[in-house]
Amino acid sequence: MSIAQRTAQTTWEGPLASGDGTVSQGSSGALDGLALTWAARTEQPGGKTSPEELLAAAHSSCFSMALALKLGENDTPPQRLDVTATVTLDAVDEVPTITTSRLRVKARVPGLDSEGFAAVVNQAAALCPVSRLFAGANISVDAELDETASAGA
């Protein structure tokens, strides 16, 4: 039995270069009406989204949850986590391929030093289901602990 299933549907009209699509009918309704185009994906977004942006949102939110869980299990719950994911679309053998997801983490965690933080970040990286989905991709995590806040706790 699965823990959760969520769905989304995209309707695309026209050829790739001049066509457009709409993401809709998501399980939550939060994605309804998201416009997307090839130009938004490869040039300027212009208020439209792309698969890479949606994957970046999925990865940053998933990793923040995994890190919050692992920090809590370490008895050092975070005050704040800012997680940014950058998903890259490159040409590999002349085929557009999503090659990397780079996570940048800034954390405020009272009572935790840099060494302890790095260990918990590694645990979260191994746990995050989206990271596990991207296992064949090059995923990097650049995590920074705000030790000024930690020192006072």
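Author: Asp-75 counts as exposed because its relative accessibility is 68%, and exposed means over 50%. The model discussed here is a predicted one.

Reader: Where is Asp-75 found, and what is said of its phi?

Author: Asp-75 lies in the loop between H2 and strand S4 (80-92). Its phi is positive, about 60 degrees, although Asp-75 is not a glycine.

Reader: Why is Asp-93 called exposed?

Author: The relative accessibility of Asp-93 is 72%. Exposed requires a value over 50%, and Asp-93 therefore counts as exposed. Asp-93 is placed in the loop between S4 and strand S5 (95-108). This residue also has a positive phi, of about 55 degrees, without being a glycine.

Reader: Does Lys-70 count as buried or exposed, and why?

Author: Lys-70 has a relative accessibility of 19%. The limit for buried is under 20%, so Lys-70 counts as buried. Its place is in helix H2.

Reader: What does Lys-70 contact, leaving aside its neighbours within four places in sequence?

Author: With those neighbours left aside, Lys-70 is in contact with Val-120, Gln-123, Ala-124 and Leu-127.

Reader: What makes the pairing of the Lys-70 and Glu-73 side chains a polar contact?

Author: The side chains of Lys-70 and Glu-73 are joined at 3.0 Å. A polar contact is a pair of N or O atoms within 3.5 Å, one able to donate a hydrogen and the other to accept it, so the pairing is named a polar contact.

Reader: Why are Cys-62 and Cys-128 called buried?

Author: Buried means under 20% relative accessible area. Cys-62 counts as buried because its value is 12%, and Cys-128 counts as buried because its value is 0%.

Reader: How many disulfides are found in the whole structure?

Author: A search of the whole structure finds 0 disulfides. To count as one, a pair of cysteine sulfur atoms must be within 2.5 Å.

Reader: Which residues line the largest pocket, and how much space lies in it?

Author: About 360 Å³ of space lies in the largest pocket. Among its lining residues are Ala-8, Leu-31, Cys-62, Met-65 and Val-130. Helix H2 (51-73) and helix H4 (129-133) are the elements that give two or more residues to this lining. The most come from H2, with 8 residues.

Reader: What classes of residue make up the lining of the largest pocket?

Author: The lining has 11 nonpolar residues, 1 polar residue and no charged residues.

Key:
Residues numbered from 1 in each chain as written. Predicted model: local features only at pLDDT ≥ 70, side-chain atom pairs only at ≥ 80, totals over all residues. Heavy atoms only, no water. 1 Å grid on protein atoms, 1.4 Å probe; cavity = no way out; pocket = protein on both sides within 12 Å on 5 of 7 lines; lining within 4 Å. Points joined across faces, edges and corners; volume = space filled by probe spheres on them. Helix = DSSP H or I, 4+ residues; strand = E, 2+ residues; numbered from the N terminus. Nonpolar A, V, L, I, M, F, W, Y, C, P; charged D, E, K, R; others polar. Buried < 20%, exposed > 50% of the residue type's maximum accessible area, 1.4 Å probe, protein only. Contact = heavy atoms within 4.5 Å.
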